[in-house]
Amino acid sequence: MAAAQQILKSLNAPKEVREDMLLILSSFDNRLSKITDLINTSSAVQDRFESAEKVILRWDATSSSLPWEDSPDEAAEYLSALDEILQLWESLSVQNDKDLVDRADTAIQLAMTRLEDEFRHILVRNTVPLDADRLYSSIQRVSLSFASHDGEISEEFESFGEVGNGTGSCFHERGGSLGGDVSVDLINPDAVAELRDIAERMNRSGYEKECSQAYSSVRREALDECLAVLGVEKLSIEEVQKIEWRDLDEKMKKWVQAVKITVRVLLACEKGLCDQVFMGSDHIKDICFNEAAKCCLLQLLNFGEAVSIGVRSPEKLFRILDMYDALRDALPELRAMVTDDFLLREAEGVLHTLGEAARGTFAEFENAVKRETSRKPMLFGEIHPLTRYVMNYLKLLVVYSETLNSLLEGGEDELDSLRDDADNDKRQLESMSPLARHLLSLISSLESNLEEKSRLYEDVAMQYVFLMNNILYIVQKVKDSELRSHLGDTWIRKHRSQVRQYATSYLRASWSKALSCLKDEGLGGSASNASRVALKERFKNFNACFEEIYRVQTAWKVPDEQLRDELRISISERVIPAYRSFVGRFRSQLESGRNVGKYIKYTPEDLENHVLDLFEGTPGVLHHLRRKSS
């Protein structure tokens with residue numbers, strides 16, 4: 001048989017010649033009769049190879065691309081020819097026919113080059129543009145209002161308040177969630193089978209590296225384009241940190257949406273596409289997916305890192321929390337899809353730095369509240385911009401309670417400082433969540449700051465009006481929001497009591513002098529023989545006090561209607577009965593003389609009506625109300 005193999009090798013001649021030589025050899029000896037079968041087999045293999053080789057070479061010589069698009073039948077012929085060569089290649093190797101093996105290798109290399117090009121072309125031609133509008137419409141957004149400031153306030157608090165709608169409030173659109181199962185076609189579904197056919201042949205030929213590189217490079221560019229459609233730009237860390245807040249806020253918002261869409265939709269669909277195209281090998285699937293996804297993921301993560309190490313200011317906190325939530329929620333899905341440990345470590349690292357940034361920014365906000373030192377008092381004792389800012393900030397902040405409780409866990413500084421405050425219930429503090437303790441500490445700092453600002457008013461009564469307005473505003477914001485569940489009803493009752501104490505202090509500071517004019521002491525006798533001169537002086541002084549209070553306090557502003565009414569009732573209950581009694585006791589003493597109306601200028605009813613004008617924020621005078629003498 002060895003001799004027969006050598007003879008066959010030497011018979012590499014035209015078919016007619018081989019047949020003639022075969023007849024001669026077979027007639028020499030019966031032992032050589034089996035050579036006929038070997039020669040026939042070799043001839044058939046060579047014929048099949050040459051036929052398949054012609055198909056491969058024809059497309060190599062005559063076409064710049066394969067006919068997938070125009071002639072599926074010819075494309076099928078090409079793949080069949082390649083399959084034939086791949087099948088015969090093992091037989092040729094066994095027969096040790098070096099010439100045919102070399103020709104088969106050349107044909108396979110030509111076919112692989114062509115298939116790689118066609119693989120790229122199919123991927124590019126059949127990429128489906130991303131419909132960003134459709135994806136955005138599937139995001140369920142939550143818009144939260146935020147009252148901006150309208151007075152003097154320190155720089156730390158200015159940026160967030162600038163983003164308004166012209167009505168004294170602005171809005172923070174929290175990163176929404178994707179509704180239901182959302183999917184997109186990244187590639188025309190009709191092209192998937194063609195891609196799979198090519199990938200299977202390239203992998204079988206040992207060209208899996210070239211195939212995966214072709215896939216990854218095309219899909220990487222396609223995913224980068226998707227990020228651009230979603231509004232995510234390629235920016236360095238230095239470029240991000242130079243962006244003005246308004247522009248940065250918009251980019252952070254787009255980043256949050258992009259992370260959700262990229263992980264839940266784009267990468268999930270990309271993973272499914274890899275599974276369909278590379279059905280034969282889990283290893284190749286993972287390589288192709290990781291390489292295709294790497295650039296877009298790193299672009300997203302680089303922006304997240306740039307934000308996390310940027311300058312910390314209060315207005316950034318909500319967006320940072322949105323970014324943290326988006327990446328945290330995306331990580332389990334990333335771990336299920338990505339097998340590249342480097343990418344996963346990067347994502348986990350950025351999540352950690354975003355958490356640190358959120359903690360640091362919250363701490364910066366707390367410090368900013370403590371050190372806010374604007375020295376210009378509010379006109380008319382109204383609610384201070386700091387109070388509005390802080391309480392609306394906290395009202396929005398508690399929307400992120402779950403996230404903040406996890407980030408603030410383990411911080412003992414606030415707990416220690418709160419324990420030192422004798423007014424706080426130690427047992428209740430221990431049971432409060434980390435966020436609730438921070439809220440309590442922050443509001444306490446705000447109250448201390450307001451106490452300092454109240455001293456900017458020279459009028460002690462106005463100090464108490466200012467404190468009443470601001471503490472009541474704080475109470476109402478707590479009562480009417482999720483802040484109530486964190487601070488509790490006991491806190492609300494305690495602060496309502498504080499407002500009542502301020503009201504009592506206001507009455508004492510504002511009306512004690514006027515009421516002292518209505519006392520009997522110092523009149524020189526009983527009601528029947530009191531000094532007329534002293535009585536005139538008393539009425540004159542009371543009138544002057546009342547008119548001054550009216551002039552000043554009609555300009556003061558108490559925005560809360562209920563508090564305004566309660567103050568007026570309290571004033572009337574103290575002043576009107578005392579005035580009515582005093583006039584009743586001593587009117588007769590003055591009526592015997594002239595110009596009684598010069599001294600008893602007002603009836604009790606007049607005073608009661610005038611009290612209703614207080615705290616409206618509109619200055620008034622009473623000169624025109626003087627009565628003619630009777």
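Biologist: Where does Asn449 lie?

Modeller: Asn449 lies in helix H19. Helices (H or I, at least four residues) and strands (E, at least two) are DSSP runs, numbered from the N terminus. The model is a predicted one, in which local features need pLDDT of at least 70 and side-chain atom pairs count only at pLDDT 80 or more, while totals for chains, interfaces and linings use all residues. Residues are numbered from 1 along each chain as its sequence is written, and side-chain values use heavy atoms, with hydrogens and water left out.

Biologist: How many helices and strands are there in the chain?

Modeller: The chain has 24 helices and two strands.

Biologist: Does Asn449 count as buried or exposed?

Modeller: Buried means under 20% relative accessible area, exposed over 50%, and partly exposed in between (1.4 Å probe, protein chains only). Asn449 counts as buried because its relative accessibility is 6%.

Biologist: Which residues does Asn449 touch?

Modeller: Contact means heavy atoms within 4.5 Å. Leaving aside residues up to four places away in sequence, Asn449 touches Val369, Lys370, Glu372 and Leu386. The C-alpha atom of Asn449 is also 8.2 Å from that of Thr373, a residue 76 positions away along the chain. Across the chain, of the contacts with a separation of 6 or more, 81% are between residues 24 or more positions apart.

Biologist: At what angle do H15 and H19 pack?

Modeller: Axes are lines fitted to C-alpha atoms, for helices over the stretch in contact, and angles run from 0 to 180 degrees between N-to-C directions. Helix H15 (residues 385-397) packs on helix H19 (residues 434-454) at about 175°, and their axes are 11 Å apart. Angles under 35 degrees count as roughly parallel, over 145 as roughly antiparallel, 65 to 115 as roughly perpendicular and the rest as oblique. H15 and H19 are therefore roughly antiparallel.

Biologist: Which residues make the contact?

Modeller: H15 supplies Leu386, Thr387, Val390, Met391 and Leu394, and H19 supplies Leu439, Leu442, Ile443, Leu446, Asn449, Leu450 and Lys453. For classes, Ala, Val, Leu, Ile, Met, Phe, Trp, Tyr, Cys and Pro count as nonpolar, Asp, Glu, Lys and Arg as charged, and the others, Gly among them, as polar. The contact of H15 with H19 then has nine nonpolar, two polar and one charged residues.

Biologist: How do H5 and H9 pack, roughly parallel or antiparallel?

Modeller: Helix H5 (residues 98-125) and H9 pack at about 25°, with axes 10 Å apart. That angle makes H5 roughly parallel to H9. Their contact includes Phe119 and Leu123 of H5 and Ala214 and Val218 of H9. By class, seven nonpolar, one polar and four charged residues form the contact of H5 with H9.

Biologist: What is phi of Phe615?

Modeller: Most residues other than glycine have a negative phi. Phe615 has a positive phi near 65° and is not a glycine. Phe615 is found in the segment after helix H24 (604-611), and is buried, with a relative accessible area of 0%.

Biologist: Where does Phe380 lie?

Modeller: Phe380 lies in the loop between helix H14 (341-371) and H15. Phe380 also has a positive phi, about 65°, although it is not a glycine. With a relative accessible area of 31%, Phe380 is partly exposed.
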